[in-house]
Amino acid sequence: MSNILQFGIPKGSLENATVDLFKKAGWQISISSRSYFPGIDDDEMSCKLIRPQEMGKYVQRGTIDAGIAGRDWVRENESDVIEVCEMVYSKVSRRPARWVLVVNKDSQVQKPEDLHGATISTELVGFTKRYFAERNIPVTVEFSWGATEAKVVDGLCDAIVEVTETGSTIKANGLRIVCELMESVPVLVVNKAAWADPWKREKIETIAKLLKSALAAEGMVGLKLNAPNSAVEAITRILPSLNQPTVAHLFNSDWVSVESVLPEKDVRKIVPELLKLGAQGIVEYPLNKII
Ligand SMILES: Nc1ncnc2c1ncn2[C@@H]1O[C@H](COP(=O)(O)OP(=O)(O)OP(=O)(O)O)[C@@H](O)[C@H]1O
Ligand SMILES: O=P(O)(O)OC[C@H]1O[C@H](OP(=O)(O)OP(=O)(O)O)[C@H](O)[C@@H]1O
Ligand SMILES: [Mg+2]
């Protein structure tokens, strides 16, 4: 029987960003509407769409071997799984999601202690209870099924603990962040049995490496140029690189070829300096992965 890795893709906020990242890493995942079993162009993998809130549970039980979910939910459920790696992305950006304590703009609350005796609404009940208990602040924490911001606007609670990325929902509802309670990023988790299986472990490690390398390549470009040998010292001093720039001799010439990897945003600043130092034939190229 051939080996198959059962893999969980997070349904909801992280779904599209995760599928896009897999594409950059080299896997095409196709999700057809209403189906919870996405196709993937890898005979060694089979995918399921699973809510991030439940990913840890199903990975722990062995329903699936591994999956991606926000670390917030893996921790909330105290899932006994192995975290293989973290990846910094959210629904629309490459920043962590933040769980924040939020009140109405005109509220008197300035710090968590000001919520003594208050009612707080959140989807992340366990974490919120622990946060206030550890600080000896007595509060009532109520589970929210979503649209949580509306509850503090309506006065159904005194404050909320909610996830934010761009801040636009908080702003649109006229709310104010009191403080940040936790950051969360997607993590790749695997159960102990799959991790103990050499084939599955190697497959998971390959997936983790390629997902991370696709993320690492974002915003980075390759730069190649020719320069007279006499300018190489000066050029390598100003040229950023992952380790050191590569320098290769041009055939039958006292010129060299210099190659490096750098943030795309630095290119417009560095090119004029390279030209002044005598560089020619400068080529910038996109990168898919940095491994
Ligand atoms: N902009 C975002 N909004 C909400 N969750 C985000 C965002 N970016 C990343 N996340 C992460 O996505 C996970 C929540 O995903 P999901 O959208 O499935 O939950 P939900 O908000 O309950 O779902 P729904 O889309 O049904 O409202 C969490 O791990 C959270 O940290
Ligand atoms: O800071 P922002 O970029 O605005 O993102 C955060 C918002 O996105 C999520 O809502 P979701 O779409 O999941 O709706 P919900 O409230 O019904 O869960 C989250 O619950 C916040 O409301
Ligand atoms: Mg939501």
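The model is predicted: local features need pLDDT of at least 70, side-chain atom pairs count only at pLDDT 80 or more, and totals for chains, interfaces and linings use all residues. Residues are numbered from 1 along each chain as its sequence is written, chains are lettered from A and ligands numbered from 1 in the order in which they are written, and side-chain values use heavy atoms, leaving out hydrogens and water.

**Around ligand 2**

Glutamate 162 also reaches ligand 2, with a side-chain N or O atom 2.7 Å from an oxygen atom of the ligand. Glycine 167 takes part through its backbone, where an N or O atom lies 2.8 Å from an oxygen atom of ligand 2. The protein covers 68% of the 490 Å² of accessible area that ligand 2 has on its own (areas come from the Shrake-Rupley method with a 1.4 Å probe). Residues around ligand 2 include Lys91, Glu123 and Thr169; to be near, a residue needs a heavy atom within 4 Å. By class, this shell has 2 nonpolar, 5 polar and 5 charged residues; Asp, Glu, Lys and Arg count as charged, and Gly is among the polar ones. Strand E10 gives the most to the shell, with 3 residues.

**Around ligand 1**

Now for the other ligand. The shell of ligand 1 holds 16 residues, and Ser13, Gln53 and Asp72 are among the closest. Its residues divide into 5 nonpolar, 5 polar and 6 charged.

| Residue | Part of residue | Atom of ligand 1 | Distance |
|---|---|---|---|
| Lysine 11 | backbone | oxygen | 3.0 Å |
| Arginine 51 | side chain | oxygen | 2.8 Å |
| Glutamate 165 | side chain | nitrogen | 2.7 Å |

For ligand 1, the protein covers 75% of the 610 Å² of accessible area that the ligand has on its own. Helix H2 (52-61) and helix H3 (71-76) are the elements that give two or more residues to its shell.

**Where the domains come in**

The chain is assigned domain 1 (5-93 + 186-217), domain 2 (97-184) and domain 3 (220-286), with bounds from an automatic or database assignment. Why does ligand 1 lie between domain 1 and domain 2? Both domains give residues to the shell around ligand 1, so the ligand lies between them.

Methods. A polar contact is a pair of N or O atoms within 3.5 Å; within protein, one must be able to donate a hydrogen and the other to accept it, and residues adjacent in sequence count only if both atoms are side-chain atoms. Helices (H or I, at least four residues) and strands (E, at least two) are DSSP runs, numbered from the N terminus.
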